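Please open the structure in a viewer and keep the sequence at hand.

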Amino acid sequence: MRIRPVIVKYPRLHRSAILFKEGVKGLIIPMDPAPPSFPEAATALQPQSDREVDTSAGRIPEWLIEEWQEIHAIEPQLFPDKNLISHIPFYSVPHSRLAESYLELCEAFGDNVSHVFLIPWLVRGGADLVALNYIRALHGRFAKNIVVITTLPHDSVWQKRLPKKVRFIEFGKKYAFLSGEEKEKLLTRLLLQMAPEVIHNINSELGYDIFIKYGQALKTVSRLYACSFCGDVSAEGGRVGYPFGHLPACFDHLTAVLTDNCWHVEDMHRIYALDRKKMIVHYQPAPNTVREMQTDEACPSEGRLKKETMDIVWAGRLDRQKRPDILLEIARRCQHMPFRFHVYGSFVLDRDRVIEKKFKAAENLTYHGTFDGLPNIRGIFDYDLFLNTSQWDGLPNILLEAISLGLPVVSSDAGGICELIRHDMTGFLISPYDHVDAYVDCLKKIYADRSVLSEIAEAARTLVQSRHSWESFVNTMKEIPGYCQT
C-alpha cells in the first residue's frame, strides 16, 4: 500500500507547517552573521517584581515575560538579571520567496493528479505535438487528473488544444524572477509533496535538471519518464542536446525512455550502453486533421501526373537542423528545369532570417510564410512532391502528414526517417543529407517518369495508416510499464 504524503490528507496543516519551517530556518541558521544590537529598552528588566518590563521595541515576546513573572511569583530568586537579559541574542525571521510561491502552486496543481507533463512550452512543433498526443490519449481513459507545467517564459499558442479539464501551469513565466536553483527546489518540492503517479518530461531542461539532482527521491513517490527522439549537432559538428548532456545522467532514475524511432535506441545503446529494454519505441500517430482528410482526393490524379511543371513543397522550421540552405542550393541547380519550389515555415532565431532574402531572390522558389500543419495549407493537393532536407532528425511528424495527404516524399536519410521512407518503396532517400547532386538527380528521374509516384504514395499511406494509426498509438501506450496504471 502506498503511503500518501501529509499534504494529500491534511493540506491546511501542511501549509502551516511549511510557513513555520521557512521561518524557523532563520533561527537555526542566522541570515546575518553580524553580532546583534540591543536597544536600551532590553536592559530595563530588573529582578525586582515591582519593576515594569519595557517591551516597546518588541524585542522580548510577551509570553516569555509572562512566564518569567509567573516563576518569579513562586520563587522571588528566579528572575533573569540585567546582565543575562542584555546578552540575549535576537534574530529576525527571514522572509522566504519560495513559501508563498509554493502555496500558490499547490492551489493551481489541485488534488488527485495522476500524470504531470513537464514541457518547455506548447507551441507549433513536433515535440509539442507529441505531448498533445499523450495527453489526449490519457485524458478521460487512463488518467484521473492531468497537469501540464511549462518551464520556460514563453507564450504557449497551442494551450487551446489541450482538453478543457487539463490543468495548465505556466511555471516558467510566473516564476521567472526566481534563480535557477530556486526553480529547481520549488518544482521538486511540489512534485515530492503532491506525489503524482507519473511525471513525464518532454524536452524540458528544468525537468531534466531535477531528474538528475533529485531523481532518486522523486522515483520513490512517482514513476519518471522522458521522451527522446534524436540529438542535435553543433555548428562545429559536435553531438549535443538532451540525449547527450542530460539523459545518461538520469537514466537510472527513469522507469522508461519513450522514442519515436528504433535508430535512436541503437544509437544511444552504442554510445552509452543504455539498456534497450528501458527505451521503448512508440510510433506517433498521424495528426487528427490528416486522418479526417484521408480521401481519394489525396491520391495523385492523372492531371497532376501530366502537368508540364512539378510543384515541390518544403515545410518546417527555418533553422540549421532543417537545412534550408541545402534547399536553396537544390533550387539554384534546378533553375532551368520545370520545377517550382514552395516553402512554408517560421524562423526560430533572428539570425536565420538572412535566408529570407535569398528566398526572395530565387526565381523558382516562393516563400509563403508560416503555416499550422500541412493539411491547413491552401491548395495542398496541387503539389506533386514533399521535399525534406534535415541534417538530423528522429521521425518527423511532418512526413506523416505529407504521406497521409498522398504526397510522395524525397528526404534526407537522417535519424529514424529510413524507418518510414524506404527508398523506391515508400519514398526516396538521399544519403548523405547534403548530397545536392543526388537530390537534383532524383527530382529529374521522378519528373521523367511520374507514373511510379502513385504506387509509392499508396504504399507509404498504407504503412502510415497501420503503424501510425491512433488505435495503434493507444494500444502501444497501454503496454508501457506503469504508464497507464492509475
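**A buried histidine**

Select His 246, which is buried, as its relative accessible area is 14%. The model on display is a predicted one. His 246 lies in the loop that connects α10 (242-245) with α11 (247-250). Show its surroundings next: apart from neighbours within four places in sequence, His 246 contacts Glu 205, Tyr 208, Asp 209, Ile 212 and Gly 241.

Now select residues 180-194, helix α8, together with residues 205-218, helix α9. The two pack at an angle of about 50°, and their axes are 10 Å apart. That angle makes α8 oblique to α9, and their crossing is right-handed.

Which residues of α8 meet α9? On the α8 side they are Lys 183, Glu 184, Lys 185, Leu 187, Thr 188, Leu 191 and Leu 192. Facing them in α9 are Leu 206, Asp 209, Ile 210, Lys 213, Tyr 214, Ala 217 and Leu 218. Colouring this contact by class shows 8 nonpolar, 1 polar and 5 charged residues. Asp 209 belongs to this contact and also touches His 246.

Move to Ala 195, in the loop between α8 and β4 (198-202). Ala 195 is buried, with a relative accessible area of 2%. Its phi is positive, about 50°, although the residue is not a glycine. Most residues other than glycine have a negative phi.

**The parallel sheet**

Select the strands next: 7 of them form an open sheet in the order β3-β2-β1-β4-β5-β8-β9, with parallel pairing. At the edges stand β3 (167-170) and β9 (279-281); each has a single partner strand, so one side of each lacks a neighbour in the sheet. On average, neighbouring strands are turned by 20° against each other, direction ignored.

Within the sheet, highlight β1 (residues 115-119) and β2 (residues 146-150), which pair in the parallel sense over 5 bridges. Phe 117 stands opposite Val 148 in β2.

**Two loops around β15**

Select Asp 424, placed in the loop between β14 (409-412) and β15. Its phi is near 65°, a positive value in a residue other than glycine.

Finally, select Ser 431 and Pro 432, which are joined by a cis peptide bond with omega about -5°. Pro 432 is in the loop between β15 (428-430) and α18 (436-448). Most peptide bonds are trans.

Notes: Residues numbered from 1 in each chain as written. Predicted model: local features only at pLDDT ≥ 70, side-chain atom pairs only at ≥ 80, totals over all residues. Heavy atoms only, no water. Axes fitted to C-alpha atoms, helices over the stretch in contact; angles between N-to-C directions. Helix = DSSP H or I, 4+ residues; strand = E, 2+ residues; numbered from the N terminus. Parallel < 35°, antiparallel > 145°, perpendicular 65-115°, else oblique. Left-handed = near helix turned anticlockwise from the far one by under 90°. Contact = heavy atoms within 4.5 Å. Nonpolar A, V, L, I, M, F, W, Y, C, P; charged D, E, K, R; others polar. Pairing = 2+ DSSP bridges. Buried < 20%, exposed > 50% of the residue type's maximum accessible area, 1.4 Å probe, protein only.
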